[in-house]
Amino acid sequence: MNMIERGLSEEQRMMRDSCRAFVDDFVTPFIRKNWQREWLMDPDQRLPREILEAADRIGVRTLGVPEEFGGVQLDPATEVQTFAIISEEIARGDSGLADKLVQNWKVSVLLRQFAPKHLQEKWFKRLVAEPQFLMAHCLTEPRGASDRWLPYNVPEAAMQTKAVKTNGGWVINGRKQFISNGYDASLYVVYANTNPKVGMLQGTSSFLVPRETKGFTVARCNETLGCRFMNNGEMVFEDMFVPDDHLLVKDEALGSAGVYFRPGKIIQAAKNLGVGVRAFEATADYVQNY
């Protein structure tokens with residue numbers, strides 16, 4: 001057993017091996033046979049249902065969902081490490097597919113911590129029941145995202161998407177851009193300014209928004225140069241009403257979202273490693289056999 005193997009639990013090794021088989025048996029053969037499909041202009045036709053259904057069968061689509069709702073709950077002490085291990089393996093097959101699944105994992109952790117129990121029950125059960133169910137984290141706006149986070153308060157840095165309190169809930173207006181899974185998600189976590197008198201870190205709240213919410217429009221799928229099996233999207237909110245219980249974190253949402261952002265940095269590195277591993281494997285095969 002090598003040094004990396006010794007650092008993994010038996011559960012992690014089993015999940016890694018299942019993901020490796022999933023990539024070798026389903027993802028890589030599909031990519032080889034359908035490499036042009038990624039460039040279809042109809043985003044609904046790019047990735048077939050069978051790929052997510054196969055991911056569902058080995059349990060990697062619902063990581064982070066509480067076990068009580070039918071998900072695959074991981075050891076909290078090593079959960080992020082497990083996310084990274086699995087992400088590396090899936091990115092070895094296709095980085096866009098890894099992006100697609102990673103959003104579900106990270107948003108699940110966010111909902112697990114901040115969504116009220118009745119909404120967890122509603123949405124986690126639907127996520128588990130529907131293999132095509134995806135979630136998205138809506139932070140970035142057309143003029144930027146984390147590059148506008150400043151250590152001091154200036155109006156220019158505030159979110160342009162705004163939420164105003166009304167009877168029984170909130171009315172949200174604004175736009176989000178470059179959102180992973182944004183084009184085809186069913187459930188969104190949306191960030192909006194709720195206190196224009198303070199800075200971005202003190203005046204931004206997060207809301208749970210179902211796709212069918214009145215006033216919510218998925219404006220388009222952004223055409224990207226890579227990772228095109230994850231459909232990046234643009235969202236528009238026009239007098240969109242969400243009830244009070246869909247407010248996840250008031251004013252301090254960006255600070256509380258560390259449960260989403262911190263693992264994201266590790267998982268991103270793991271995805272990049274997976275791409276590098278696959279490039280090495282392909283190079284070694286070419287040098288030795290052609």
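**Rings and helices in a predicted model**

At 0% relative accessibility, Tyr188 counts as buried; buried means under 20% relative accessible area, exposed over 50%, and partly exposed in between, with a 1.4 Å probe and protein chains only. I will come back to this residue after some ground rules.

The model is predicted, so to speak of a local feature we need pLDDT of at least 70, side-chain atom pairs count only at pLDDT 80 or more, and totals for chains, interfaces and linings use all residues. Residues are numbered from 1 along each chain as its sequence is written, and side-chain values use heavy atoms, with hydrogens and water left out.

Let me start with the aromatic rings. A pair of aromatic rings is described by the distance of the centres and the angle of the planes. Rings of Phe, Tyr and Trp (its six-membered ring) pair if their centres lie within 6.5 Å; planes under 30 degrees apart count as stacked, over 60 as edge-to-face and the rest as tilted. By this rule there are ten aromatic pairs. One of them joins Trp123 and Phe133: the centres are 6.1 Å apart and the planes stand at 45°, so the pair is tilted. Trp123 lies in helix α6, residues 117–129, and Phe133 in the loop between α6 and β1 (135–138), so this pair ties together parts that are ten residues apart in sequence. Helices (H or I, at least four residues) and strands (E, at least two) are DSSP runs, numbered from the N terminus.

Now back to Tyr188. It forms an edge-to-face pair with Phe216, at 4.9 Å centre to centre and 75° between the planes. Tyr188 lies in strand β4 (residues 187–193) and Phe216 in strand β6 (residues 216–221), so the pair ties together parts that are 28 residues apart in sequence. Phe216 is buried, with a relative accessible area of 9%. Ring pairs also bring in Phe237, linking Tyr188, Phe216 and Phe237 into a cluster. Leaving out residues up to four places away in sequence, Phe216 touches Tyr188, Val209, Pro210, Arg211, Met235, Val236, Phe237 and Met240, where contact means heavy atoms within 4.5 Å. Glu68, on the other hand, is 148 residues from Phe216 in sequence and 31 Å from it in space, C-alpha to C-alpha.

Rings can also have a charge over them. The rule is that NZ of Lys or CZ of Arg is within 6 Å of the ring centre and within 35 degrees of the ring normal. Lys106 lies over the face of Tyr260, 4.3 Å from the ring centre. Over the ring of Trp170 sits the charged end of Lys165, 5.8 Å from the centre.

Next, the helices. Two packed helices are described by the angle between their axes and the distance between the axes. Axes are lines fitted to C-alpha atoms, for helices over the stretch in contact, and angles run from 0 to 180 degrees between N-to-C directions. Helix α5, residues 95–114, packs against α6 at an angle of about 160°, with the axes 11 Å apart. That makes α5 roughly antiparallel to α6; angles under 35 degrees count as roughly parallel, over 145 as roughly antiparallel, 65 to 115 as roughly perpendicular and the rest as oblique. The crossing of α5 and α6 is left-handed, meaning that the near helix is turned anticlockwise from the far one by less than a right angle, while clockwise would be right-handed. On the α5 side the contact is made by Asn104, Ser108, Leu111 and Arg112, and on the α6 side by Gln120, Phe124 and Leu127.

Leu111 of that list is buried, at 3% relative accessible area. Neighbours within four places aside, Leu111 is in contact with Gln120, Phe124, Met135, Leu187, Val189, Leu208 and Leu248. How many residues along the chain separate Leu111 and Leu248? They are 137 residues apart, yet their C-alpha atoms are separated by 8.1 Å.

Helix α4, residues 79–93, also meets α5: the axes come within 8 Å and cross at roughly 160°. These two are therefore roughly antiparallel as well, and α4 passes α5 in a right-handed crossing.

Last, the backbone. Most residues other than glycine have a negative phi, and most peptide bonds are trans. Asn181, in the loop between β3 (169–179) and β4, has a positive phi near 65° and is buried at 0%. Asp239, in strand β7 (residues 233–243), has a positive phi of about 50°, but Asp239 is exposed, with a relative accessible area of 57%.
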